[in-house]
Structure formats: C-alpha cells, structure tokens
Amino acid sequence: MTAKLAQQRPQNRPKIFFIQLLAHNPAGSTLSPAIAFGLIRLAERWGFLIVENDALADIVPPTLPRLAALDQLNRVLYVGTFSKTLSASLRCGYVSGPPALISSLSNLKMLTMVASSDYVERFVFNLIQGGQYLRHLRRLKTRVEDAHNASKAGLEAAGLTVHSTVTPGFYLWAEFPGKRDELDICHAAAERGIFLAPGQVFTPNRKAHGPAAIRINVAYGTGPRFLDFVREVVGTSPER
C-alpha cells in the first residue's frame, strides 16, 4: 500500500489520508505493523494528515498496533464510535489528535452542528461507568467471533474463496470461482430478496481486475437462503 501511495503522490499530492487499520471494511483485513510504520513515515515526509477510523476498537484485541499510538498523535487523528458496538441509532463518537487541530475541529463543530445530543452522551457515559458496557462487550466479542468463524466455514464449504483475517470483525471478503459478473450475481440475489454488496461498490475499477467478489456481513453469513443461493451460483451441492 505504501509503495502505491508513493507512486500516486507526485500526481495527487494528498493532504489527508483516511484508513481503517483493524478489521477493515470491506475486506476484514488488518494492516501489518511494517506497513503502518511506513505510512506514518510517508505522512511525516510529505506533510499530510492521517485519519484513523477505529470503529471496532472495543471488540478487537487492544494489543494490536494503532497508528495513533505509533505516531503519538502528531499527524494522526484517531476517530472512534459507539455506533458499531451499541446501536447505529446512538450517533456518538470521539476524536483525538494534535491539540491545535482538535481546537479548530471543535470550533467548526460549533459553527456547523452547535452540539451533539447531551442525552445520548450521558446515556453512553452511564453505561460505561456502571459496567454494563464492559459486560456487553464480552458477549458481543464472543458473538462476533462465532459468527465470523461460522460464516467463513460455510462460505468456503459452498465453494467461495474467503480472504484470511487477523482478527474477527463484522465483514468477510469472498470471491467466486471462474469468470462471473458481480452485478449479475447481485441482481439474481435481489430477485430472491437477498441483498449483496458487490466488490465494485468498494473498488470502482474492479470490473477489469480479479474474480467476482462480494462483501459479507457475518451476522447474515450463515443464512440458509443465502448459502443455498451461493451454492446454486457456484454449482456445489449442500452437504448431507
């Protein structure tokens, strides 16, 4: 990734770089420490900022490297949220970064949004302070890991190639064998009431590169109708 960024820099001269380091959406992948360190060195060399989206920080191992920790919040803005672990209806998150930049962001927030929901913030705070959030995370981690492993096994048994992941997250990236059109697969699934996210949604130039792929939410990766559809597309038979 850093090599590709280095090639693009003379033409694009980026000022800010957005990245999800851990349990990436859509691939479910995790950036290696070597590439993370290389990215920080490029940011220092070329003077751009990095926004690290750590949306799943509370359910992935805390020992995994974060850009913000490696950089000591010099050129990294660290963004987190409770929407992924509590509820999408709770639009509550946080950001850490260089003091001067955080001050500017706070002023911009006051000009554009005035304030976020005091009720939501106090609700989340009370869950954390009372210990309910920690107990919830323990259950959530187990459920995500079980769903991740079961989805991966089911998809591979159905004939798809599932990209390996370092830590269980919400998403898996799976490829179909042979030459197939992603959009045709997704349209056929939609006719049966199954929503699929084709690889082209995440990488616009995928049509000319690589096999047909889809992103799978592990919460639905073991659904019988979904797996039956995948087997039909691939041409495999369910195990008896």
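Accessible areas here come from the Shrake-Rupley method with a 1.4 Å probe, and for residues only the protein chains shown count as cover. On that basis the chain has an accessible surface of about 14,100 Å², 56% of which belongs to carbon and sulfur atoms.

The model is predicted: local features need pLDDT of at least 70, side-chain atom pairs count only at pLDDT 80 or more, and totals for chains, interfaces and linings use all residues. Residues are numbered from 1 along each chain as its sequence is written, and side-chain values use heavy atoms, with hydrogens and water left out.

**Overall chain**

The secondary structure comes to eight helices and eight strands, where helices (H or I, at least four residues) and strands (E, at least two) are DSSP runs numbered from the N terminus. Along the principal axes, the C-alpha atoms fill a box of roughly 60 × 50 × 35 Å. Of the 240 residues in the chain, 40% are buried; buried means under 20% relative accessible area, exposed over 50%, and partly exposed in between (1.4 Å probe, protein chains only). Contact means heavy atoms within 4.5 Å. Among contacts between residues at least 6 apart in sequence, 65% join residues at least 24 apart.

For charges, Lys and Arg count as positive and Asp and Glu as negative, while His and the chain ends are not counted. Each charge is placed at NZ of Lys, CZ of Arg, CG of Asp or CD of Glu. The 27 positive and 18 negative charges have mean positions 5 Å apart.

The expected span of a helix is 1.5 Å times one less than its number of residues. For the 13 residues of α5 (residues 118–130) this gives 18 Å, which agrees with the 18 Å between its end C-alpha atoms. The buried residues of α5 are V120, V124 and L127. Seen down the axis of α5, they fall within an arc of 60°, so they line one face of the helix; the arc is that of the directions from the helix axis to the C-beta atoms. An α-helix has 3.6 residues a turn, so residues three or four places apart point the same way. The cover over the buried residues of α5 includes α6 (132–157). Y119, R122 and Q129 are exposed on the face of α5 turned away from its buried side. After α5 comes G131, with a positive phi near 90°.

Helix α7 (residues 182–190) has E182, I185, C186 and A189 as buried residues. Their arc around the axis is only 95°, which puts them on the same side of α7. They pack against β7 (197–198), β8 (213–217) and α8 (224–234). The face turned away from the buried side of α7 carries exposed D184 and H187.

**Loop residues**

D54 lies in the loop between β2 (49–53) and α3 (67–71). Neighbours within four places in sequence aside, D54 is in contact with L22, R66, Y78, V79 and G80.

N25 and P26 are joined by a cis peptide bond with omega about 25°. P26 sits in the loop between β1 (16–19) and α2 (33–46).

Q72 is in the loop between α3 and β3 (76–81), and L73 is also found in the loop between α3 and β3. Phi of Q72 is near 60°, a positive value in a residue other than glycine; phi of L73 is positive too, near 55°.

| Residue | Relative accessible area | Class |
|---|---|---|
| D54 | 2% | buried |
| Q72 | 64% | exposed |
| L73 | 28% | partly exposed |
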